[in-house]
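Here is a short briefing to read alongside the model. It starts at the ligand and then moves on to the sheet and the salt bridges.

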Amino acid sequence: MSTISDDELLARAWRAREGALCDYSGFAVGAAFEDQEGRIWTGANVENASYNLGLCAERVALYHALTSGARGFRRVAVVTDAPAPTPPCGACRQALFEFAVDAVVLMENRAGERERRDVRDLLPLAFEASYLQKKRR
Ligand code: THU
C-alpha cells in the first residue's frame, strides 16, 4: 500500500487538467483520487454544446475509478486556475459523500494557495442511503 505526497497527488491533478474539454466555460478543472491501495485515478471536466450534459472533473475521475473496481478513497486533489482554491460543486459533494466519505479533499489554485477539508465537513446533514430504509408513505 504505497502512498504519494500531497504535492505529488496535486501534480497528478494538474496533469489531468490538461485533458479538460471546457471550450464553453473556459474553466479547466483537474482531479486526482487516491484509493485504499494507493492507486491514483484522474479526470478532468468534459463539457457539451448541450450545456447541462457536462460533467465535473471529480465525477469523471470518481466514476472511472469506481467502475474499475477502486474503493476506499483516502485523498482527492482538485485543481483550478481560479482566484482561490476551488471546492467541489454540490453535486460532486453528494457523489463524494456516497463513495469517498472518509476522504480528505485537497484544493489548489495556480498561485499555489491550498485548502484542505474532510468530505464529511463539505456536506453537513447529507442525504444518504440510510434514509431510504425508512418506511415510505
Ligand atoms: N467544474 C468541475 O469540474 N468541478 C467542480 O467542482 C466545479 C465545476 C466544472 C464544470 C464546468 O465544466 C466548469 O467547471 C465550469 O463550471
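A polar side-chain atom of glutamate 58 lies 2.7 Å from an oxygen atom of the ligand, a polar contact in the sense of two N or O atoms within 3.5 Å. Taken alone, the ligand exposes 380 Å², and the protein buries 76% of that (Shrake-Rupley areas with a 1.4 Å probe). Please keep in mind that this is a predicted model, where local features need pLDDT of at least 70 and side-chain atom pairs count only at pLDDT 80 or more, while totals for chains, interfaces and linings use all residues. Residues are numbered from 1 along each chain as its sequence is written, and side-chain values use heavy atoms, leaving out hydrogens and water.

**Around the ligand**
- The side chain of glutamate 47 places an N or O atom 2.5 Å from an oxygen atom of the ligand.
- Alanine 57 takes part through its backbone, with a polar atom 2.9 Å from a ligand oxygen.
- The surrounding residues include Ser25, Phe27, Asn45, Cys56 and Pro88, where near means a heavy atom within 4 Å.
- This shell divides into seven nonpolar, two polar and two charged residues (Ala, Val, Leu, Ile, Met, Phe, Trp, Tyr, Cys and Pro are nonpolar, Asp, Glu, Lys and Arg charged, the others, Gly among them, polar).

**The sheet**
- Five strands form an open sheet in the order E2-E1-E3-E4-E5, with mixed pairing; strands are DSSP runs of E with at least two residues, numbered from the N terminus, and two of them pair if DSSP finds at least two bridges between them.
- Strands E2 (40-44) and E5 (114-118) stand at the edges with a single partner strand each, so one side of each has no neighbour in the sheet.
- E3 (residues 75-80) and E4 (residues 104-109) run parallel over six bridges, and valine 78 has methionine 107 in E4 as its bridge partner.
- E4 and E5 pair in the antiparallel sense over five bridges, with leucine 106 opposite arginine 116 in E5.
- Four residues lie between the strands in the hairpin of E4 and E5, where glycine 112 takes a positive phi near 85°.

**Salt bridges**
- The model has ten salt bridges, counted when a side-chain nitrogen of Lys or Arg is within 4 Å of a carboxyl oxygen of Asp or Glu.
- One of them joins arginine 75 to aspartate 6, with the closest N and O atoms 2.6 Å apart.
- That pair links distant parts of the chain, 69 residues apart: arginine 75 sits in strand E3 and aspartate 6 in helix H1 (residues 6-17), helices being DSSP runs of H or I with at least four residues.

How values were computed. A polar contact is a pair of N or O atoms within 3.5 Å; within protein, one must be able to donate a hydrogen and the other to accept it, and residues adjacent in sequence count only if both atoms are side-chain atoms.
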